[in-house]
Amino acid sequence: MPRVAAGDRLEPFTLESLAHGEVRVPDGEGRFVHLQFRRFAGCPICNLHLRSFAARVGALEAAGVREVALFHSEAETMRAYQGDLPFAVVADPDKALYRRFGVEAGWRAMLDPRGWPAAVRGMFGRHRWSLTRGEGGHLGLPADLLVGPDGVVVDAQYGRHAYDQWSVDEVVARVEAARAAGRVAEDAAATAG
């Protein structure tokens with residue numbers, strides 16, 4: 001399936017999260033939706049990254065962003081790793097959404113040395129996530145999609161390696177740039193603020 005790009009309009013769809021109910025895309029409440037495509041549930045890089053988002057969920061909410069993280073693992077496996085996150089987490093063990101949005105896998109996910117420091121911090125840090133529970137494979141690449149309240153993709157990034165992903169500040173900056181450039185329908189932007 002081809003990748004999506006800024007300016008593409010998504011057909012509305014609904015996701016079922018582990019602990020935060022249904023998630024609609026577009027949001028329907030005037031918020032931006034940040035879809036993070038992560039790797040397997042025990043991925044130390046992914047979990048380290050998501051903890052940085054959990055620590056700053058207030059900044060995302062203040063910017064009008066609904067955070068959604070997807071994993072290509074079973075819901076039961078994910079509960080132990082992501083069950084306590086303060087935002088929506090979605091299981092996609094069949095990788096249907098990964099295919100729909102052109103999110104890829106490849107050896108460069110783990111071979112690129114830019115991801116190694118985060119993998120080590122995740123494996124030996126406070127949480128000690130596991131590299132061995134790789135449902136769906138260890139070679140998944142991350143992706144970030146920012147969808148506006150009107151269903152139009154504001155921006156998209158497809159990772160070149162396992163640690164190639166947006167930070168909270170980068171998500172907020174993209175939302176602010178979209179509002180400043182008038183790329184979001186006025187009525188939707190007004191309800192988000």
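Two strands pair if DSSP finds at least two bridges between them. Helices (H or I, at least four residues) and strands (E, at least two) are DSSP runs, numbered from the N terminus. I worked on a predicted model, in which local features need pLDDT of at least 70 and side-chain atom pairs count only at pLDDT 80 or more, whereas totals for chains, interfaces and linings use all residues. Residues are numbered from 1 along each chain as its sequence is written, and side-chain values use heavy atoms, with hydrogens and water left out.

**Entry 1: strand S4 and its partners**

I looked up the pairing of S4 first. Strand S5 (residues 88–91) pairs with S4 in the parallel sense over 4 bridges, and Phe-71 stands opposite Ala-91 in S5. On S3, I found 6 bridges to S4, again in the parallel sense; Phe-32 has Val-65 as its bridge partner in S4.

I then followed the chain from S4 through helix H3 (residues 75–82) to S5 and noted a right-handed β-α-β unit. A crossover is right-handed if, with the strands pointing away from the viewer, the path from the first strand over the helix to the second runs clockwise.

How many residues of strand S4 are buried? I use buried for under 20% relative accessible area, exposed for over 50% and partly exposed for in between (1.4 Å probe, protein chains only). The count is 7 of the 7 residues of S4 (residues 65–71), so the strand is largely enclosed by the rest of the structure. In a regular strand the side chains alternate between the two faces of the sheet. In S4, Val-65, Glu-67, Ala-69 and Phe-71 point one way, Arg-66, Val-68 and Leu-70 point the other way, and all are buried.

I located His-34 in strand S3 (residues 32–37). His-34 counts as buried because its relative accessibility is 0%. Its side chain makes a polar contact of 2.7 Å with that of Asp-144 (N or O atoms within 3.5 Å; within protein, one must be able to donate a hydrogen and the other to accept it, and residues adjacent in sequence count only if both atoms are side-chain atoms). Not counting residues up to four places away in sequence, His-34 touches (heavy atoms within 4.5 Å) several residues, among them Phe-53, Val-65, Asp-144 and Trp-166.

Asp-155 lies in strand S7 (residues 153–158) and is partly exposed, with a relative accessible area of 24%. I recorded 121 residues in sequence between Asp-155 and His-34, and 9.7 Å in space, C-alpha to C-alpha. Leaving aside neighbours within four places in sequence, Asp-155 has contacts that include Asp-144 and Trp-166. The side chains of Asp-155 and Arg-174 are joined by a polar contact of 2.8 Å.

**Entry 2: aromatic pairs**

Rings of Phe, Tyr and Trp (its six-membered ring) pair if their centres lie within 6.5 Å; planes under 30 degrees apart count as stacked, over 60 as edge-to-face and the rest as tilted. By this rule I have 3 aromatic pairs. Phe-37 and Tyr-98 are edge-to-face, because their ring centres are 5.1 Å apart and their planes at 80°. Phe-37 lies in strand S3 and Tyr-98 in helix H4 (residues 96–100), so this pair ties together parts 61 residues apart in sequence. Phe-37 is buried at 1% relative accessible area, and Tyr-98 is buried at 4%.

Phe-37 also pairs with Phe-101; this pair is tilted, at 5.9 Å centre to centre and 55° between the planes. Ring pairs link Phe-13, Phe-37, Tyr-98 and Phe-101 into a cluster.
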